[in-house]
Amino acid sequence: SNTIFGYLAGVNIASGGNYNCLIGNNSGNDITTGDFNIAIASYNALHKLTTGARNMAIGAGSLTTADGAESDNIAIGVDALSNANNDSTVKNIAIGNYALDAIGTNAQTGTIAIGHQSLSALAGGTNNTAIGYLSAKLLTGGSNNTVLGFQALDAADGTETGNVVIG
């Protein structure tokens, strides 16, 4: 059983796609057999996801290019995790408009971005945590960074790894 409301929301769900809540224009419209997904937006949340499970997308364009088995991700905000498109992109959290929105086809696991445009240039690397407005905004590929604060690690523009930055 699914809860669906909105133009083309969940239009492709087949038998086996269960317990999804899809609200808004095109929300989850390509889900076929994915389960336990939540998409709430005025436009295109979880738009291309097909078989992924346990994702939460709240906000226009959130998790919109994930098109396969991406699972266990949380995206809250306009275009949060919007460019994620790799079946191995799992267990990520993006809260804030444009947070973690550049990873594309690179697998991303265990990355947390909280704040407007937090980790918004990250295209590779894993296990980063950035909390704060524009935190680690220009980091493109580093791993294992922990960043906390307003514009923290704003000078990073590459693949910095293993940093702890506060402030």
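I began with burial: 46% of the 167 residues in the protein chain are buried. Buried means under 20% relative accessible area, exposed means over 50%, and partly exposed lies in between, with a 1.4 Å probe and protein chains only. The model is predicted, so I note its limits: local features need pLDDT of at least 70, side-chain atom pairs count only at pLDDT 80 or more, and totals for chains, interfaces and linings use all residues. Residues are numbered from 1 along each chain as its sequence is written, and side-chain values use heavy atoms, leaving out hydrogens and water.

**Overall fold**

I looked up the secondary structure. The protein chain has zero helices and 10 strands. I take helices (H or I, at least four residues) and strands (E, at least two) as DSSP runs, numbered from the N terminus. The radius of gyration is 15 Å, close to the 15 Å from the globule rule for 167 residues, so the chain is as compact as a globular protein of that length. That radius is taken over C-alpha atoms, and the rule is 2.2 Å times the number of residues to the power 0.38. Along the principal axes, the C-alpha atoms fill a box of roughly 45 × 25 × 20 Å.

I then checked contacts, meaning heavy atoms within 4.5 Å. Among contacts between residues at least 6 apart in sequence, 0% join residues at least 24 apart.

**Core**

I asked which residues touch the most other members of the largest nonpolar core. They are Leu63, Leu81, Leu100, Leu119 and Ala136, out of 30 residues. Such a core is a set of buried Ala, Val, Leu, Ile, Met, Phe, Trp, Tyr and Cys residues joined through side-chain atoms within 4.5 Å. In soluble globular proteins, nonpolar side chains tend to be buried together.

I followed Leu119. Beyond four places in sequence, its contacts include Leu100, Ile112, Ala113, Ala130, Ala136 and Leu139. Asp101, Asn128 and Lys137 are also among them.

**Two loop residues**

Isoleucine 31 sits in the loop between β2 (21-25) and β3 (38-43). I found it buried, because its relative accessibility is 0%. Outside four places in sequence, isoleucine 31 contacts Asn12, Ile13, Asn20, Leu22, Asn37, Leu49 and Thr50. Its C-alpha is 34 Å from that of asparagine 145, 114 residues along the chain.

Asparagine 26 is in the loop between β2 and β3. Asparagine 26 counts as buried, because its relative accessibility is 10%.

**Salt bridge**

How many salt bridges does the structure hold? I found one. The criterion is a side-chain nitrogen of Lys or Arg within 4 Å of a carboxyl oxygen of Asp or Glu. Aspartate 72 pairs with arginine 54, with the closest N and O atoms 2.7 Å apart. The two are 18 residues apart: aspartate 72 is in the loop between β4 (56-58) and β5 (74-76), arginine 54 in the loop between β3 and β4. Aspartate 72 is partly exposed at 28% relative accessibility, and arginine 54 is partly exposed at 46%.

**Surface**

The chain exposes about 6,800 Å², and carbon and sulfur atoms supply 57% of it. Areas come from the Shrake-Rupley method with a 1.4 Å probe; for residues, only the protein chains shown count as cover.

I noted a nonpolar surface patch of about 520 Å², made by Ile95, Ile114, Ile131, Leu148, Val164 and Ile166. Patch residues have over 30% relative accessible area and no salt bridge; like charges are joined within 9 Å, nonpolar side chains (Val, Leu, Ile, Met, Phe, Trp, Tyr) within 5 Å. Valine 164 lies in strand β10 (residues 164-166). Valine 164 is exposed, with a relative accessible area of 65%.
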